[in-house]
Amino acid sequence: MVGRDTKKKIKGDVCSTSNSESICVGANTCGSSSSPCSINIRRSGGTYATATPSIPDAKSNKAFCIKVGTTVTFMSNSGNTGFVIDFGSANPFDHEGAIIGGSDRAITVTARHPGCYTYSVGACTPGTVYGMCGNADTQLIISAN
């Protein structure tokens with residue numbers, strides 16, 4: 001699993017730009033201090049996982065923004081799916097360590113630390129032929145305003 005402190009190449013990398021917060025607009029910002037954000041975690045295909053924010057027309061595993069103070073719920077609407085969200089040593093939420101949940105256990109955290117974060121998402125389902133888990137690396141931006 002990969003956090004912000006690890007140099008991993010991400011397609012469409014926004015965290016390597018000088019001002020990653022400049023991409024944050026209403027159309028790609030999930031929730032607000034008064035409206036929660038949910039992120040749906042799914043296993044997709046043989047060895048791939050996706051994270052999709054509750055933004056209209058959101059694309060899976062594309063960088064998106066969350067404002068400091070926003071309540072975020074990591075969940076899975078796929079049955080029998082467990083997930084792990086790992087930011088490495090630089091976690092932007094009020095939660096220590098990896099975020100571990102599943103379709104029967106959503107995890108709610110609050111965005112606390114502004115910055116651009118690369119994280120690993122893993123989703124596992126029981127009884128699959130080609131391996132139980134899918135993984136992907138993606139990014140999100142926690143904006144101060």
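The chat below covers the sheets and then a residue in a loop.

Analyst: Go ahead, but keep in mind that this is a predicted model.

User: In what order do the 5 strands of the open sheet run?

Analyst: The order is β3-β9-β8-β5-β6, with mixed pairing. β3 and β6 (99-102) are the edge strands, each pairing on one side only. From one strand to the next, the twist averages 30 degrees.

User: How many bridges link β8 and β9, and in which sense do they pair?

Analyst: β8 (residues 115-124) and β9 (residues 133-143) are antiparallel, with 10 bridges. Within that pairing, C124 has C133 in β9 as its bridge partner.

User: Now the sheet of 4 strands. What is the order there?

Analyst: That open sheet runs β2-β1-β4-β7, and its pairing is mixed too. Its edges are β2 and β7 (107-110), each of which pairs on one side only. Neighbouring strands in this sheet are turned by 20 degrees against each other on average, direction ignored.

User: And β1 with β4, parallel or antiparallel?

Analyst: Parallel: β1 (residues 37-44) and β4 (residues 71-75) pair over 4 bridges. S38 stands opposite T73 in β4.

User: Different topic. Where does D57 lie?

Analyst: D57 is in the loop between β2 (48-53) and β3 (64-67).

User: Is D57 buried or exposed, and why?

Analyst: D57 counts as exposed because its relative accessibility is 74%, and the cut-off for exposed is over 50%.

User: What separates the C-alpha atoms of D57 and N28?

Analyst: The separation is 9.3 Å, for two residues that are 29 residues apart along the chain.

Key. Residues are numbered from 1 along each chain as its sequence is written. This is a predicted model: local features need pLDDT of at least 70, side-chain atom pairs count only at pLDDT 80 or more; totals for chains, interfaces and linings use all residues. Side-chain values use heavy atoms; hydrogens and water are left out. Helices (H or I, at least four residues) and strands (E, at least two) are DSSP runs, numbered from the N terminus. Buried means under 20% relative accessible area, exposed over 50%, partly exposed in between (1.4 Å probe, protein chains only). Two strands pair if DSSP finds at least two bridges between them. Axes are lines fitted to C-alpha atoms, for helices over the stretch in contact, and angles run from 0 to 180 degrees between N-to-C directions.
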